[in-house]
Amino acid sequence: MKIVRDFLFSAVNREFLIFLFFLVLSSAYWLMSVLNDTMEREIRIPVQLTGVPDNVVVLADSMPQLRVVVRDKGFVIATYMFRRQTPPVKIAFPTYAKASDNIAVTASELQKLVSQQLSGSTKLVSVKPDKLEFGYNHGMYKRVPVKVLGVVSADDSYYLARVQFRPSYVTVYGSSNVLDSLTAIYTERQDIRNVRDTLTTVVRLRAVPGTKCVPDKVRMTLYPDVMIEVTTSVPIITTNVPVTKTLRTFPSQVDVSYVIGASQYKKIGVSQFTVVADYNTTADGAAEKCNLRIVRAPRDARNVRLSLSSVDYLIEQ
């Protein structure tokens with residue numbers, strides 16, 4: 001501690017500290033002098049359209065940003081340059097919408113709106129673009145389902161039992177020729193993998209040119225489920241047997257294996273499976289085996305397969 005104190009108060013370092021003090025003081029004076037000078041800078045201000053009715057489709061891909069040149073003292077300009085988010089210029093649809101399906105904001109009106117976002121001491125030098133115009137129409141509408149775009153998948157040994165949207169249907173406004181070809185609205189591209197637990201997230205809907213979607217985002221919930229493998233014995237049903245004959249199979253039942261979510265297991269019964277032995281595959285008794293096939297299975301059952309693809313048989317007259 002004594003060594004540090006001696007170092008700080010030695011003659012050489014005392015002179016350095018005095019030099020550093022005056023350097024900081026002069027820098028602060030220079031900065032205050034600069035900030036007190038009048039200067040011009042260009043800033044960007046976003047535009048926000050407010051009060052737009054649901055059935056109005058604005059024919060613009062995005063709202064522009066205004067490039068505004070302002071003049072003021074340096075410290076005022078600095079607040080414009082370094083603030084995190086500039087308040088937008090708000091354009092009220094009912095005020096500026098014209099009967100010709102056009103929104104027009106003149107140069108003088110635009111300057112007045114921009115001035116409301118600036119300090120009272122700031123002089124507005126220029127605004128680009130100097131006026132704003134947007135087309136719009138009162139679109140027809142159509143209710144369409146929401147579907148996911150991209151990749152959503154469960155972890156190993158799980159499967160995605162259900163993807164739920166709230167709301168599941170949205171209203172899309174637009175011209176009749178666009179709506180006629182629209183069968184669904186998709187989310188923005190997703191990449192969600194290895195889901196093990198129920199996951200809920202808010203996703204935006206993918207924009208379709210010339211349309212407006214209400215709402216423009218939905219709540220998406222993913223429901224993963226544990227996969228289990230199940231085997232059950234199902235009776236074999238004969239088909240296409242002539243009236244004068246009887247087809248008997250040995251055995252009369254066959255094991256059917258499938259993969260199902262644990263939550264769906266108790267909902268699956270033997271009666272939901274149909275396995276048939278087709279008389280036509282026996283070549284009227286010439287074939288050694290009778291082929292089997294599954295003609296019906298529950299929708300939620302996956303990888304459904306038979307333990308035997310063919311069985312012994314007997315044709316009785």
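A salt bridge here is a side-chain nitrogen of Lys or Arg within 4 Å of a carboxyl oxygen of Asp or Glu. By that rule, the structure holds 7 salt bridges. Keep in mind throughout that this is a predicted model.

**Stop 1: salt bridges**

Start by selecting Arg71 and Glu40, whose side chains meet in a salt bridge at 2.3 Å, N to O. Arg71 belongs to strand E3 (residues 65-73) and Glu40 to strand E1 (residues 38-50), so this pair ties together parts that are 31 residues apart in sequence. Show the surface and you will find Arg71 partly exposed, at 28% relative accessibility. Glu40 is partly exposed too, with a relative accessible area of 36%.

Next, pick Glu316 and Arg248, another salt bridge, in which the closest N and O atoms are 3.0 Å apart. Here the pair links distant parts of the chain, 68 residues apart: Glu316 sits in strand E23 (residues 310-316) and Arg248 in strand E18 (residues 246-250). Glu316 has a relative accessible area of 29%, so it counts as partly exposed. Arg248, at 41% relative accessibility, is also partly exposed.

Now move to Asp191 and Arg193. Their salt bridge has its closest N and O atoms 2.7 Å apart. Asp191 is exposed, with a relative accessible area of 54%. As background for these pairs, side chains of opposite charge can pair when their charged atoms come close.

**Stop 2: a strand residue with positive phi**

Stay in this part of the chain and select Asn194, which lies in strand E14 (residues 190-195). Its phi is near 60 degrees, a positive value in a residue other than glycine. Asn194 is exposed, with a relative accessible area of 51%.

For a second example, jump to Asn303 in strand E22 (residues 302-306). Asn303 is not a glycine either, yet has a positive phi of about 50 degrees. At 53% relative accessibility, Asn303 is exposed.

**Stop 3**

Select helix H5, residues 107-115. Which residues of H5 are buried? They are Leu110, Leu113 and Val114. These residues cover an arc of only 100 degrees around the axis, which puts them on the same side of H5. An α-helix has 3.6 residues a turn, so residues three or four places apart point the same way.

**Stop 4: cis peptide bonds**

Go to Lys128 and Pro129, which are joined by a cis peptide bond with omega about -10 degrees. Pro129 is in the loop between strand E7 (123-128) and strand E8 (132-138).

Then select Val214 and Pro215, where a cis peptide bond has an omega of about -5 degrees. Pro215 is in the loop that runs between strand E16 (211-214) and strand E17 (217-239).

**Stop 5: a charged patch**

Finish on the surface by selecting Arg162, Arg166, Arg219 and Lys267, which gather in a patch of positive charge. Zoom in on Lys267, found in the loop between strand E19 (253-261) and strand E20 (274-278). Is Lys267 buried or exposed? Lys267 has a relative accessible area of 57%, so it is exposed.

Technical notes: Residues are numbered from 1 along each chain as its sequence is written. This is a predicted model: local features need pLDDT of at least 70, side-chain atom pairs count only at pLDDT 80 or more; totals for chains, interfaces and linings use all residues. Side-chain values use heavy atoms; hydrogens and water are left out. Patches are made of residues with over 30% relative accessible area and no salt bridge: like charges are joined within 9 Å, nonpolar side chains (Val, Leu, Ile, Met, Phe, Trp, Tyr) within 5 Å. Accessible areas come from the Shrake-Rupley method with a 1.4 Å probe; for residues, only the protein chains shown count as cover. Lys and Arg count as positive and Asp and Glu as negative; His and the chain ends are not counted. The place of a charge is taken as NZ of Lys, CZ of Arg, CG of Asp or CD of Glu. Helices (H or I, at least four residues) and strands (E, at least two) are DSSP runs, numbered from the N terminus. Buried means under 20% relative accessible area, exposed over 50%, partly exposed in between (1.4 Å probe, protein chains only). The arc is that of the directions from the helix axis to the C-beta atoms.
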